[in-house]
Amino acid sequence: MKTLKRIGTSVYIFFYIISSQSAISANRGQDVLLNLENALNKKNLEIIYSYFEEDEKLKIKKKLEKMIKEFPNAIWEIKKMNSIELNKNMVNVSISGSNFIDNREFHLESNFDYLYNLKKGKIVDGFITNDLTTIRSDKNKINITIDIPDRVLTGSKYDIDIIINEPLGEEIYAGGINSYQEEFIFKQEIRLEPLVTGGIFKVTRAPNKKGTQTWTGIITHSKGIVTFTKTVQIVEKI
């Protein structure tokens with residue numbers, strides 16, 4: 001579990017901070033999109049950093065280098081999308097990679113939309129929507145559905161369903177889920193409980209202010225471990 005906490009925490013912190021800053025200037029077109037994608041895949045830090053203001057570069061530097069160390073073969077794919085918000089640019093980002101850590105192979109899969117503005121050719125005011133990130137050591141041997149909405153209204157109730165799509169039989173599963181709070185990430189623990197009903201099922205309420213709510217969870221079984229993060233955009237109207 002110490003390995004799981006270390007990997008899950010460091011990768012999620014990297015993912016949230018790096019991906020929330022990684023966007024492309026629409027004014028420079030598809031070539032720039034490909035240049036940044038290639039730089040991320042080649043781990044060319046000089047080119048990657050050139051898209052950030054100096055203060056932003058300093059914020060992401062250590063975490064980016066940690067990500068490269070833990071998932072050196074991670075592949076990034078960036079696609080231009082039509083923005084869902086006025087005066088915002090948007091891209092879709094997919095990341096996949098793997099690495100052996102403490103003699104166990106972990107697989108990373110992440111997909112999210114990123115909205116952003118530009119200031120003097122540099123990226124500002126970015127945020128993530130529709131994010132789902134998983135880190136697994138079970139080689140996808142169990143089929144899990146993570147059913148958490150992308151967007152909900154402020155103050156509304158909504159369901160969180162993590163469904164194991166196969167009979168449990170005599171197999172023992174354990175799991176848990178928590179709301180992610182950045183300021184407590186190093187102290188935060190997820191309590192694991194037996195999953196006798198075939199998954200994790202929770203009803204929660206959205207905050208009364210618009211923003212983003214993030215959930216982090218773990219499922220363990222005899223074939224390995226599944227960790228995940230999912231963002232929910234809290235909006236005032238849908």
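The entries below go from the whole chain to the details.

Entry 1, ground rules. I am working with a predicted model, in which local features need pLDDT of at least 70 and side-chain atom pairs count only at pLDDT 80 or more, while totals for chains, interfaces and linings use all residues. Residues are numbered from 1 along each chain as its sequence is written, and side-chain values use heavy atoms, with hydrogens and water left out.

I looked up the secondary structure and found 4 helices and 12 strands, taken as DSSP runs (helices H or I, at least four residues; strands E, at least two) numbered from the N terminus. Of the 238 residues, 47% count as buried, that is, under 20% relative accessible area with a 1.4 Å probe, protein chains only.

I found Asp113 in strand β3, residues 104–119, and it counts as buried because its relative accessibility is 10%. Leaving aside neighbours within four places in sequence, Asp113 is in contact (heavy atoms within 4.5 Å) with residues including Met90, Phe127 and Asn130. The side chains of Asp113 and Asn130 are joined by a polar contact of 2.8 Å. Asp131 lies 18 residues from Asp113 in sequence, and their C-alpha atoms are 6.8 Å apart.

I noted about 320 Å³ of space in the second largest pocket. Its lining includes Phe127, Arg151 and Lys210, and β12 gives the largest share of that lining, 3 residues.

Technical notes. Buried means under 20% relative accessible area, exposed over 50%, partly exposed in between (1.4 Å probe, protein chains only). A polar contact is a pair of N or O atoms within 3.5 Å; within protein, one must be able to donate a hydrogen and the other to accept it, and residues adjacent in sequence count only if both atoms are side-chain atoms. On a 1 Å grid over the protein atoms alone, a cavity is a set of points where a 1.4 Å probe fits but cannot get out, and a pocket is an open set with protein on both sides within 12 Å along at least five of seven lines; lining residues have an atom within 4 Å of a point. Grid points are joined across faces, edges and corners, and a volume is the space filled by probe spheres set on the points.
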